[in-house]
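Please work through the exercises below with the sequence and the model side by side. Each begins with a task and is followed by a solution in steps.

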Amino acid sequence: MSADFSSLYNHHEREVFAAVMAAAKDYPEIATSNDLLCDVACVALNRLQPRYIRHEVDFSFYLTEHERHEIDNAIAEAVGYAFNFVQARTALRARSN
């Protein structure tokens, strides 16, 4: 027996990717590097509890307005932290070279 799990994904991925791209304008030294933007997304996603879903409508339907607000705040906090973390690490690496 086999199963196709390709329809499963972490709900936060799309939201974090969008938040990273929206915030990138505030971090021009990171925004020009695809690798650094990917690092930011990884750091942010690792700070969030994964929420695996199959269909966006199912996830959204069962959330209260308060839960949606908490998720949005958690994503914003995680992305802000991630940009600062990657920026600090990049600066530290540049000083040591």
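**Exercise 1. Confidence**

What is the mean pLDDT of the chain, and what share of its residues reach 70 or more?

Solution. The mean pLDDT, which is the predictor's confidence in each residue from 0 to 100, is 92 for the chain, and 99% of the residues reach 70 or more. Confidence is lowest in α4, at a mean of 77, and highest in α3, at 97. This is a predicted model, in which local features need pLDDT of at least 70 and side-chain atom pairs count only at pLDDT 80 or more, while totals for chains, interfaces and linings use all residues. Residues are numbered from 1 along each chain as its sequence is written, and side-chain values use heavy atoms, with hydrogens and water left out.

**Exercise 2. The overall layout**

Solution. Helices (DSSP runs of H or I, at least four residues) and strands (runs of E, at least two) are numbered from the N terminus. The chain has five helices and two strands, and from the N terminus on they run β-α-α-α-β-α-α. The radius of gyration, taken over C-alpha atoms, is 16 Å, well over the 13 Å that the globule rule gives for 97 residues, so the chain is more spread out than a compact globule; that rule is 2.2 Å times the number of residues to the power 0.38. Along the principal axes, the C-alpha trace spans about 50 × 40 × 20 Å.

**Exercise 3. Helix α5**

Solution. Helix α5 takes in residues 65–96, and its 47 Å from first C-alpha to last is close to the 46 Å expected, a span given by 1.5 Å times one less than the number of residues. Buried means under 20% relative accessible area, exposed over 50%, and partly exposed in between, with a 1.4 Å probe and protein chains only. Among the buried residues of α5 are I71, I75, A78 and F83. Their cover, in the sense of contact (heavy atoms within 4.5 Å), includes α1, α2, α3 and α4.

**Exercise 4. A buried asparagine**

Which backbone nitrogen does the side chain of N10 reach at 3.0 Å?

Solution. Begin with the location: N10 is found in strand β1 and is buried, with a relative accessible area of 7%. A polar contact is a pair of N or O atoms within 3.5 Å, where one must be able to donate a hydrogen and the other to accept it, and residues adjacent in sequence count only if both atoms are side-chain atoms. The side chain of N10 reaches the backbone nitrogen of H12 at 3.0 Å, and one of its polar atoms lies 3.3 Å from the backbone nitrogen of R51. Leaving aside neighbours within four places in sequence, N10 is in contact with L45, P50, R51 and Y52.

**Exercise 5. Salt bridges**

How many salt bridges does the structure hold?

Solution. There are three, each being a side-chain nitrogen of Lys or Arg within 4 Å of a carboxyl oxygen of Asp or Glu. E77 pairs with R47 at 3.4 Å, linking helix α5 to the loop between α3 and β2, 30 residues apart. R68 and E65 meet at 3.5 Å; because they are three residues apart in helix α5, about one helical turn separates them. D26 pairs with K25 at 3.6 Å, and both are exposed.
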